[in-house]
Structures are given as C-alpha cells and as structure tokens.
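Let's walk through a ligand site and a helix pair, one question at a time. Have a look at the model first.

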Amino acid sequence: MKHPQTLIAGILALAVTAAGASAAVAAPADPRAVDRSPALASRSLAALAEPIGLEIGVAVAADQLGADRKYTKLVAGQFSTVTPENAMKWESVEPQQGVFDWAAGDALVASAEANGQLVRGHTLVWHSQLPDWLSPDGVSSDFSPEELREILREHVITQVTHYKGDIWHWDVVNEALNEDGTPRVSVWSEAYRALGLDPLGYIADAFRWAHEADPEAKLYYNDYNLEFTGPKSNAAHALAQDLLADGVPIDGMGFQGHLSTQYGFPDLEANLDRFADLGLEVALTEVDVRTAVAPRKNHEGEWTSTPATAEGFAAQREYWVGTLEACLAVPACVSYTVWGLADSNSWIPGVFPGEGAALLWDDHLNAKPQLADLREVLATSDAAPRVR
Ligand code: G3I
C-alpha cells in the first residue's frame, strides 16, 4: 500500500457519504451533476485501486492521444493500463499484405511507457476489422485455407514480435463464439473446417504462436456476454477447459462488459468465479453501460448524451458499481478497463442509435457521477489483493 494515510483520510472523509451511497444511486439524479466527493475527486482510479493490486484501464483513441490536451491528461492521470481501441487491429497494422503500419500502436506504447502504464494489446485474431485484401466481410477470402492458416501464423508472430516486451496482456482471440455457444462462422473457422480441422482449432494455434513470439505476455481470450450464465458463457468455459487440458498457453479470460440498462444486471461474479476456478486470470476488458438517451431538440433522429430518464441514469450507476464490485470480489480479477474515456468517444451511438451516455466522462470531458461512485467503491473496498 503506497499511501496509507491518504487512503485512510479519504475513507474517513467518506464515512458520512458512503452510508447514503445506495440512496443516492436509487434516487433520481441530475446526470450533469458534478463529482460530489471532493475528498476523493483528486485521487485517480488507478491510485485508489493500487493497494488492491487491481489495474484500471481505458481504451484509447489514437487520434485523440496527444491531440486533445484534456483527453491526454486524463488518460495519463487516471489509469494504470491502456488498450488501443483500434490501432492494433489487423486493418490498422497491415492495410496491405506485407505492408505494416505500426505508427499508431507504437505511439500508444511510447505514451504508456512515459506514463508508467501497462498495455493490453487488442486484438490479434478477430473476424472484424480485417483489411480488404484479406477478407472484405470477415468470412470470404480469395486465399486458400492453407494460405489463410499461414497468413494467420505470420500475422500473429510478426505483431507479437514487434511488440515483444511492451505488452502486458494480449487479447489473442476476440469473439469466436455465437450467442448459442456454437463457433462463429468466420474466415478463420471456415479455413480450419476446410482443412478438416476443428473450426475453433485456430484458437489453440494462435495462442501457441503468440506465446512463442513473446513468452512473457499474458494471453487472453476476449468476448462479450460472457457476463451472463448461458450457452455462450458455458461454451467459453468449455473452450477454456479444453485449451488448458491440451496444454495451450492461455492465461486469462476477458469479459468485455458492454452492458445496457434495458437488460438485467448479469450474474457476473459467479461467471468470473467459475473461470477463475479453472486457474485462469479474469479481467473486465471493455466496460461501458449504455442507456436510452434523450433526443436532440428539433433534430429528428439525433440524440444527446443525456439519459432519457432518471431511472435509466440510476440503473447505469448501479451497473457501474456492480461491475467493479464483482471484479473486486474475485481475487483473480486483475484488471478493469473502460471502453473509451468520454461519451463523445464512445462507439455506442454509432451502433445503437438512441442509446448512449455509456462512459465515465461526458461529451465535454467532465467527470460524471458514475466516476465518483467507482472511486467510492475502491476507497471503501476490503477486497483481497489480486492473485496473478
Ligand atoms: O478509420 C476509419 C476512417 O478512416 C473513416 O473515415 C471512418 C468513417 O466511418 O471510419 C474509421 O473507421 C472506424 C474505426 O472504428 C476507427 O475509428 C470504423 O468505421 C468503425 O466501425 C470502428 O469502430 C470500432 C469497432 O470496434 C469496429 O468493430 C470502434 O471504434 C471500437 O470501439 C469497437 O471496439 C470493439 C472491440 O474492438 C471488440 N469488442 C466490441 C467493441 C465494440 O464494438
């Protein structure tokens, strides 16, 4: 514990407000309210999580880092890890076959090193954001199955080797499963199927290649909706068991944590727990909590980043607290990453029109009450030190 006095002072200062925290969450609140915990407001999430050994991360937009002063300062000051939101995806790093562009990823790594932050590399193998030369739709390709397997091997080894020593966690494989637990049909599953192999066989290969290229990096499988017990989470659990039984070098399971208040809060802790029971680390890798937002006045079809209802806003705050508390309850949960800094950076409005306000800072980079809630959770937590 680095700053015990400060922490204790913070907890004492909070004693009065902490008792009323749940009432504050349940009551209708003004989404534009400023952070109401002055004793904690000056402390970063990363500093508050440090005594527990939990890393707090953020997905970073390459075009904002260094370009927007306030954004850059918050990324550097609040978080102990960073994830490139898009800069290390295949279409970014290899836009033409054999032509690599490491510039944006390298800039993020340099910034992280300058700020003493760890980097979660995201992502080596995915069906989405592939360059057109490889697959225009994530499924079809002009290459033969044999060629695709070799292209995958070269890509994984080249990228992991380029960043050898710089990456703390790699999201080696992203989103390989459907909601019903079956393998997602992708250029990778179909190549392996055509080779007479298990359609998910590319996962074991990718982990082995990544481990060969950087034996120190921790290797993760990363997916969404693993938070809820159901066919997908069950299939991911079975997959993890198979990989471990086969001696595949997998270290962790990434729970993305893209939540919406229109659905119930998941049984997240139980799911984190059952993967941890396999001997894996677990991480919340892409947390955001969206809700219905108010329409923009006199602009049909356009939306603000203001929650439409007080209930939706209150639910968002409860969900944020719930995700962090679930992670804290499981000692193998080693990192907690939010998917973007501010509502103005979020992918949500583009994909779910009418939903948004999903992050911890608003469109103008002002802290939202959700951020104060997370600070309170960390400051008052008696969570066990993390097990890595
Ligand atoms: O780079 C181009 C730019 O040149 C062009 O002018 C612009 C026009 O639309 O598009 C830009 O590409 C966008 C890219 O983000 C970079 O900003 C794509 O359109 C856009 O679709 C892409 O969205 C990203 C999305 O992954 C793609 O699936 C989001 O920013 C990113 O937050 C999101 O992240 C994923 C995780 O990687 C995996 N889990 C789910 C999560 C949310 O979808």
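Q: How far from a nitrogen atom of the ligand does a polar side-chain atom of E175 lie?
A: Keep in mind that this is a predicted model. A pair of N or O atoms counts as a polar contact within 3.5 Å. The polar side-chain atom of E175 and the ligand nitrogen are separated by 2.8 Å.

Q: What share of the ligand's exposed area does the protein bury?
A: On its own, the ligand exposes 790 Å². With the protein there, the buried part of that comes to 47%.

Q: Which residues around the ligand come nearest?
A: The shell holds three nonpolar, seven polar and four charged residues. Out of these 14 residues, the ones that come nearest are E85, K89, H122, E175 and E286.

Q: At what angle do helix α8 and helix α10 pack?
A: Helix α8 covers residues 145–162 and helix α10 covers residues 201–213. Their axes sit 8 Å apart, and α8 passes α10 in a right-handed crossing. The packing angle is about 35°.

Q: How many nonpolar residues are in the contact of α8 with α10?
A: On the α8 side, the contact includes L152, V156 and I157, while α10 brings in, among others, Y202, A206 and W209. Sorted by class, the contact has four charged residues, one polar and, for the nonpolar class, nine.

Key: Residues are numbered from 1 along each chain as its sequence is written. This is a predicted model: local features need pLDDT of at least 70, side-chain atom pairs count only at pLDDT 80 or more; totals for chains, interfaces and linings use all residues. Side-chain values use heavy atoms; hydrogens and water are left out. A residue is near a molecule or strand if one of its heavy atoms lies within 4 Å of it. A polar contact is a pair of N or O atoms within 3.5 Å; within protein, one must be able to donate a hydrogen and the other to accept it, and residues adjacent in sequence count only if both atoms are side-chain atoms. Accessible areas come from the Shrake-Rupley method with a 1.4 Å probe; for residues, only the protein chains shown count as cover. Ala, Val, Leu, Ile, Met, Phe, Trp, Tyr, Cys and Pro count as nonpolar, Asp, Glu, Lys and Arg as charged, and the others, Gly among them, as polar. Axes are lines fitted to C-alpha atoms, for helices over the stretch in contact, and angles run from 0 to 180 degrees between N-to-C directions. Helices (H or I, at least four residues) and strands (E, at least two) are DSSP runs, numbered from the N terminus. A crossing is left-handed if the near helix is turned anticlockwise from the far one by less than a right angle, and right-handed if clockwise. Contact means heavy atoms within 4.5 Å.
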